[in-house]
Structure formats: structure tokens, C-alpha cells
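Please keep the structure in view while reading.

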Amino acid sequence: MTTPILSNATARAIFYQALTVLGVVLLFWYTITNTVENMSQRGMSAGFDFLDVSAGFGIGFKLIDYREGDSYLRVFEVGIANTLLVAVIGIALATVIGLVVGLARLSGNWLISTIARWYIEMLRNTPLLLQIIAWYFGVFNLLPRPRDSVEWGGLFFLNNRGFYLPSPEPGQGFGLTLIALAAGIAAAFVVRAHARQRLFETGKLPRVIPAMIALVILPALLVFALTGQPLAWNVPVLRGFNFQGGTSVPPSFCALIIALSIYTSCFIAEIIRSGIQSVSHGQTEAARALGVKPSRTMRYIILPQAMRVIIPPLISQYLNLTKNSSLAIAIGFPDLVSVWMNTSLNQSGRAIPIVAMTMGFYCAVSLAVSLVMNRYNRRAMLSER
Amino acid sequence: MSDALIFQPKAGKPAPPSTLGVVGWVRGNLVSSLPNAALTLLGAYIVYAFFSAVIGWAIVDAVWEAQNRRECLDLVGRAGACWPGVKAWIPNLIYGLYPKDQVWRINAGFLVLVLWAVPLFLPWVRSKVMIGLGLVLLYPLLASYFFHGGDKGLVWGALIALGLTGFLWSWLTAIAEARREAPLLEGRRRWILLAGLYAVSLLVVSQWVLDEVQTRLWGGLFLTLVISGFGITVSLPAGILLALGRRSRMPLIAAVSTTFIELFRSVPLITVLFMFNTMLPLFLPAGVEVNRLLRAIVAVCLFSSAYMAEIVRGGLQAIPKGQYEAAAAVGLGFWQSTSLIVLPQALRIMIPSIVGSFIGLFKDTTLVSIIGLFDLLSMARAVGEDTVWLGLFIEPFFFVTMIYFVFCFSMSQYSFHLEARLGAGQRR
Amino acid sequence: MFRYSLAAIAAAAAMLVAPIDASAQQTLAQVKARGSLNCQVGLPTPGFYALSAAGVWSGMDVDMCRAVAAAIFDDPAKVQYQSVTSAVRFTALANGESDMLSRTTTWTAVRDTQLGLEFAGVNFYDGQGFLVSKASGITSARGLDGATICVLTGTTTELNLADYFRANRMTFTPVTNENVNVLVETYLGGGCDAYTNDKSSLAARRSAFPSPNDYVILPETISKEPLGPVVRHGDNNWGDIVRWVLFGMIEAEEMGVSSANVTEMLASPSPGIRRLLGNEGNIGEGMGLPKDFMVRVLRHLGNYGEVYERNVGVNTAVGIPRAGSLNALWNNGGILYPMPFR
């Protein structure tokens, strides 16, 4: 085969691409025809009609309202809300712990850096599934029963049924307080931007933090008082078997959040450590030579440069945490996979639509995050020279 | 010449006693400042509290000899571990339901693996790449018969013989290179030698008969290793292809690769496993049965390939453009420049991430328990459902966690070692 | 590379175009051709599908699989057990992976009519109950208002629990899991006020508690749980085989035929026994089985009573008394009523 057409790069490119597309199309065609035939033959239904049917089972923890008689669609929504809640709280906690451990790893204190190293080594080398179970049984199931709850000021209670805290019940006009709060925060940001401007122009950093705090708190407090304190607190009270009222999170939630954030924090710590170490030492030395204080060197010289290395893997860890929350099934926290792909699938038997909807949700989340990330990457790349 | 002009340095003063010895180290590293000392105390307390609780339960208060769980409960209640149940189940935890009189085959199979890998660690062996490739590509053929056995048929028999040939060739090479008899293995003589080895292997394999052990009996640590082994072996080449596809200048190929990678990276492994487990039989024509284990392996491979592809892409991006251009300038084609110039450099950079991904894959195999394969975790769960050990739940999980830790920890330590050794040439 | 890819397409195209035999074979023929029965059980559970440290499956539902294999092959060992989580049990049957499902599955209308399944009968009548500690002072399920309850997810148990509390205008907080041991461990640690499951399971689990006598099973039975083997919809003959092997075992107990005396009974003059053992009529042949398929089943497994006592009877660890329960024969105070074998 030495004809010119075969050694022509364009022709080959077209050929390979046609080949790929043909392969993909054939694969899809083959799969779909087989599935349709198999399903009709076995009397399986792929439709989404079951979504309106009443689900009929209880869910132990729900962020949004749900009753046993509600539809499967509602269960799906409850699952999504729970998964997102776990993801958001988990990400926040993991970042904080990761930052602390990452810095501890770089600490001059031998014991601290050694503990940090072993913390990372031990936790990232055991399966997360087992860690979740360990937290659940090793800690939260060993807490005292409701009658002997650990309590803080009669407001917060911790026992082996969960963590109970007062829930706010906003009254008429509480919205105004929120608006004042938002305005205060915006004003604080303006002040901060102004202070930064001053810093870069004159090299002096004005003390603005007290002003910022005052800006956030005072207007909100004032509006709150003027509108007649329209906020009541629903405090949990021990009644019957357990605490009633307030908000609560079950032990499975606590175990899941802690396991997820601690596990992910190991990876985040390593990312932060390598990010900081990736900034050339010359930068620190140059800053010192110019007389920049060590704390400001970190804040204004090292971290901004390290962030560029840190952010992309950090985001993929955030996505991992979201995906790993599906392991909640092991301790029965009703996240999307547990309540939808396990319980609902089991009760309704509709495998295909349910699995498709589950995967669709995770895809959508990742896609959204990737879009944002790509934009950030482009910006970070541009500022590089 | 006067002695007075020669510079006589004064003897250095000894370091202050406070910075020397144990005391100095402690002062410098533990209690250099007050907050530092507080941190030290806190750290020491956390470590103490954690380990004393675990050791108390797992060793001090534990029961080591008992006939059933009732005896354990009567002795210590739930305050101490009940190890006899785990002990009774250890064969299952390691080999699954594999027939007890056939277990030697698993051991033998892994022994071959170790023996095959030995030349890779011998300093005088030069053909490490070839031996390594042979190991990765041909060992599964040989292992398949060790583990599965049964009726070989013509094609499978020929493939098994290929595996055996690879094993023998690796060792012959290692021995020859030890004795510096390299010419023996060059040119036409190498092909004659290989043909001879293959003939011998065919003869051996044709006489070699093992009973069939169906995959549904595979389980425990053995199954975990098989699944992750497959995942690791397949994901690297597949990941390289996908990464090259994604960076390709042909838009359609790039689009297909990107879609594949992003799709599998965006969903949890558990959903992929679930889909392959329940849906694959629906995707195939009626009457075609795909082994449950195979379905799990396919799912794990696809999933890990997508992750590997992104790691490889990162490595490829780190190679300076000049390398590509230089390769093109000396007339190398795409495949040549990729395999001879770019990949070897990229792979070196990627080693830590690759090992990290292998560790992740190994840990992720715990998920196959959810689709009902008897991996290490499912076996641990089965202990508590045995009527004799009913309810024994925490102990087997603890045991399994330890096994995972040992494996993953050694892998990560090896990766540090490798990184340090490969990086040695790069350091200035 | 280019040439190889051309060859690869040709091969792939050939594979795709190759005619595929899409006609659904009859299950019995498939099983015979394969030489073994693919029988789906659940993750190990005492009494019904238990796995011992020696790696041997046993239990009520396992014996159901073995009985069908004995009827077909005269060898109860020709079973491939598929241990599948409950989440994928129906798909694993519907997609053709399992030939039958024998794993304490409750017969419900939705499952029977909407999931492409066919229930072949009932081999155990169960009912859902609650387990509480004596110290809690609860004596009735009505006292559980506001309680936290541990429940197995993905089962009818979960639905019955919600129904019961809704019907009685009570509230509860479920703690769910798909692993019984996790629930039991949670319960013992005080993570829930009561543990609910089928009563057969409650008794067995309680026996493995640190101090079993500190716990009671509440008197209420809040649901009907007819558990039985299931086959795929559409192959009626296969459903008949499973159904009549089950009925045959109950009928044998009713007639007093057991594994011990089946050989003598072959000579029995009683027409009922003669029909059961294949000396009269052609019941077996009508289903594609040999005439004496019940002789095989009885010789290897025994009748229903023997299977019951061996796996869940009072002398086993599970220890569920049969006399006076629903699972006694219909002429003995129970509701086990085999359709006439004629």
C-alpha cells in the first residue's frame, strides 16, 4: 500500500476520524437495538412514569420537606439536596483541615510535622469506605444516649442520635435585617479594596479590620432592633424518645462529613504543601532582602504564586469529595446514591432510568465545575510570563 | 621565613550545650517557643489517646481463643475484640470460596509473578524494559490458567504457552546478561531460541491439566488483587492512548476521547459498576452471558483509564515543545517520536501520580462488594453472617483495613523511593 | 498502523454483521445445556442462605435451589449460587443472569406485575415485628411514637414500617442500612430505639446479642411477608417446574413421605403417593422432567418439614418454632396448603 493517497496526511486524518465516528455510531446502534429488544422481550419498562408514583418509605434526614406518601421524583430531589449539602460542608471543612495539616507538615516542630506526616500516610492509605464505617461505629455510635446528652448551655445537644441545635424562626420583617447584613458585607469589601489600593500605592497597610467588622455587624443589628427583633429560636427539648424541635443532623451525617473531609484533607494538605514548595526559594529571599515581613511574604508573595499550582488539583479534589459522598450508602445516610440508586431502585425496580438520572446529576455537577475551572485556568495562564 | 606570618585560625568554640544532644534537639524541634510546646503536648496527647483506645480494644481486652461468638460475648462483651472468628475465616478472607485443595494454585500463580519480577530488581540486567513489558502483557495469560484452569482449547492453549515462553525468556535473558553472554540473544539466534522455547512451552502446556475453578468462587484478597491488577495493567496503555487522542489535532478523535474521559471522570465509580453490572447483559444480544467478574473488571478498567489519561496528559504537557520539534526534525514519525522521545520523559515525571492512582484504584476495588462480588470487604461482611460468628462485624473490618493499609502504604513508600532514585539524575 | 486498522475494521464489521440467535431459549433447555442451575441468593443470611467458614451454602432458600437442581439433574450440587445485593436482585433475574431467585423475597403486586417477574409460590410465611430492650419499658408497637427505628433498606420492611406509622398517625425517624450487622451494631450502641425486621430474623439476631434476655420482640406483627422463589416472566414451563417442586415437597410432608422412607414409599399402594413419586400419571413429563423428579428431590433434600427443621427449626441457631405458626401444614394449624398433585 504505497499509493499517494494513503501517505497523504489529510487523507489519513479523515480516514482515522471517519473510522472513530463509525466505531462509536456502530457501538451505540448495537447497544441500543439490543437493549430495546431485550427489554421488550423481558417485559421491562424503561419509562419515567414511575416518577409520579408514591414512594412509600421514610427518609431519615432531609433538607427539603418530604413525607412517606410523596413521589419518587421528590425522593430524587431530597437525595440531590442531601448530596449537595454534604458536598458543600465537606469541601469547606476539608479545605480548612487540609490547610492546617499542610502547614503543620511544613512546621519546624518535629513532633507536629511527624504527626502530620503520619496522619496523611495513615488516612490516605486506607479505603474511605472503611474510614466512614470506623467514624460511625468508633465515635458517633459510642456517644451517650439522648437522656445523657452532652449539652452546651441548654441549646446544643450531642448524643448518639445526632447533633441537635436551635433553629431560627424568622418572623415578619426579618428580610430587612438580611438586606442590611448584605449591604454591610458589600461595604466592608469596598473598604478592603480601598485599603489594598493604598497598600500598593504607599506600601502602608491601613488598619481596616475593626472598621470592616463594624460595617458588617452594626447596620444589621440596628435594623434588627428597629424592626422589633423578628427572630425566634426553636430550641430542641428532650421529649419522649428523643429531642424534639430545633434542627438536627443524624450521626451518619456527622460520620460521613468528618470521614470525607478528613480523608480529602490529606490530599489537600499535600497539594498545599507542594504548591508552597513549588514557589522558588529565591522569592522568599528577595522579599526578605526588600524588608518585607515574613507574614506578608507568605500573604502577598508566596501564596498568590502557589495558588496557580494549587487550584486545579484542589478543584479536582473537591469533585472527588462530591463523588465520594456516594459511599454514604455504607452507613445509611440518605444521599443521592443511597436513597435513589439503592432504595428507590430497589422498591421500584426501574434500573435504567434511575441509574441514568443518577449519572446525569453527577455529570452535570462536574461539567459545571469544569466550565468555571477552565475559565480560571485561562486567566491564571494569561498572567503568567 | 617567619612562622608569624602564617594565619593560625583559632579553634572553634563548641556549640552551646543547649543546642546539642537530646536536650538540644528537643529544645530546637519540640519546645522552641511556648505555642510550640503547647502544640507538642496536644499532639502527644492525641496520639496517646488514639493508640491506647485502639490497643485496649484490639489487644488488651481481646479474646484470642473461642469456639463461637457467644463465648467471646460471655467473656468480655463488646469491650474487646473477638479474634477467633476472624481467624476461622482467614482462608476465605484471602482466597474467597476457592476450593481449599486448589488454593496452592493461587499461591503458585503469585510465586510466578514474583519470580518473573525478580530480574527487574537485579542490577546487572539490562533488558529491564523488555522483561517488564513481557511481564505486563504475558503474565495474565499464564495466570489465567493457574487461576481458572479447565478445558484449554487450541487458542487459549497457544496463549498460555506464550505466557510460559515469556517467563522462561525473561529468566534466560537475566542469566545470560549476568554471564555477559549477550551475543547468544541477538540477531537470528534470538528468534531460534524463542521458537525453541515456544515449542517446549507448547509441549508442557499440552500436558498440563488443572481443574476448572469458576470465577464466582474467586474472592477475598485474591479477587481484590485480580481486579486491581487488571485495572492497573489495562489503564496505563489505555490512558496513554486516550491522552494522545485528546491532544490529537484531529478534531473528531479529540472530541471522542475528551467525551469519554470527562464522562467517566465525572461520575462515581459506584455508578459505573452498577451500570455495567445491571445493564451490560441488556446491551448484549440475548443468550450471551458475560461473567460477573468480567463486567466489574471492564467497569474498573474504563474508569481508571479515564483517570490515567488525565495524568498522562499532564505529563505530556510538561514536555517542552522543543523535544517534539527536535524529534520531527530528525525525521521521526508520530508514533516513533511519541514512543521513543516524549513518553519516556513524560512517564518519569508522572511516576508519583501514577502510583497514587494505582493506590486509589486498589482502594476503590472495595466498591465491587456493592454489586455482590466476594472481594475482601464482602468476605469480611460474610463473617458476621456466619451462624457461628453471627454479628461479628467490627473485627473483620478492622482486619481488612489493616490489610489495605499494609498494601497501600508499601506502594506509596515504594513510589517515594522510586521518585528519589529517578529524580537523582535530574537534580543539580 | 494504517494497514492494521483496516484489518481491524474488517474484523469488527464481520463480528457485528454475524447473525445472532436472538430467539429466547427455554430456560430449562438452557439450564440443561449449561449443566447447572444459576440460582440467585442474597448476601449471606443465617437460616435462609448461610455461608459457613468452610465455604458451603446452606439454608431454606438454598435448599429450594438444590431441590430444583435435584429435580433436573438428580444432583443437588449442580447449582451455581449467585450472591447478589438486594439492590440488583430483580435486574439480575430479568436480564437473564439468574435462572431463579430464591432469597426471602416478598410476593407483592407491583413486583409481580411490573418488574417482569413471576412468583412461583411461598416457602416461608413471615411477618414484620419490632425488637426493643426490656429497659425501655415499651410493651407495644403503639408505644413507639417519635422513636428512632433501625430498618433494612430496599426491602418491603421499610415500606411496611412507614405504612404502619402513617396508619396509626405516629411519627418515626428511620435509620437505614442495607447491612443487617450495621443496623444491629447501631442498635446495640443505642443509635435507635427499636430494630425492625421480619420476625424470623429478629429472633436469630437476638440470640447473638451480648445479653439476649434483656431484649424482647413486641407482640405485633405489622405485615404479611410471604417469601418465595421467583422466576422470569414469560417462561411458564420454567415457573411450573419451580412451583411444583415446592408444592411436591409440601405434599410429601402431608403424605408422610420423607428422605428416610422414600424408597419404601415407592411401593406404596396409595394413589396420591404413587402420583407424587411418578408411578402414576405424567406430571413430570408434562414439564420436561423425568416421571420420578419428586423421588430425586425427596431423596436428596427431604420434604418441606425436613428442610424447615434442618435450617430454621428449633434445634438450629435460628430457632423458629414451627408448630402453631403460619408455616405449619394447613391440617396442622398453619396455612401451608399445597395444590393437589394430580
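## A helix pair in chain A

In this predicted model, helix α5 (residues 128-138) of chain A and helix α8 (residues 251-278) of chain A have axes that come within 8 Å and cross at roughly 135 degrees. The two helices, α5(A) and α8(A), are therefore oblique to each other. The crossing in which α5(A) passes α8(A) is right-handed.

On the side of α5(A), the contact is made by Leu128(A), Gln131(A), Ile132(A), Trp135(A) and Tyr136(A). The partners from α8(A) are Pro251(A), Ser252(A), Ala255(A), Leu256(A), Ile258(A), Ala259(A) and Tyr263(A). In this contact of α5(A) with α8(A), 10 residues are nonpolar, two are polar and none is charged.

## Where chain B touches chain C

The contact between these chains takes 29 residues from chain B and 33 residues from chain C. On the chain B side, at least two residues each are supplied by α3 (69-76), α4 (83-95), α11 (269-283) and α15 (376-383). The helix that gives the most to this side is α11(B), with four residues.

By residue class, the side of chain B that touches chain C divides into 14 nonpolar, nine polar and six charged residues.

## An annotated span in chain C

According to an unreviewed UniProt entry, residues 36-265 of chain C carry the annotation "domain: Solute-binding protein family 3/N-terminal". Within the model, the end C-alpha atoms of residues 36-265 of chain C lie 29 Å apart. The span is 35% helix and 27% strand.

Conventions:
Residues are numbered from 1 along each chain as its sequence is written. Chains are lettered from A and ligands numbered from 1 in the order in which they are written. This is a predicted model: local features need pLDDT of at least 70, side-chain atom pairs count only at pLDDT 80 or more; totals for chains, interfaces and linings use all residues. Two residues are in contact if their C-beta atoms, placed from the backbone, lie within 7 Å. Ala, Val, Leu, Ile, Met, Phe, Trp, Tyr, Cys and Pro count as nonpolar, Asp, Glu, Lys and Arg as charged, and the others, Gly among them, as polar. Axes are lines fitted to C-alpha atoms, for helices over the stretch in contact, and angles run from 0 to 180 degrees between N-to-C directions. Angles under 35 degrees count as roughly parallel, over 145 as roughly antiparallel, 65 to 115 as roughly perpendicular and the rest as oblique. A crossing is left-handed if the near helix is turned anticlockwise from the far one by less than a right angle, and right-handed if clockwise. UniProt positions are given in the numbering used here, feature names are shortened, and annotations may be inferred rather than shown by experiment.
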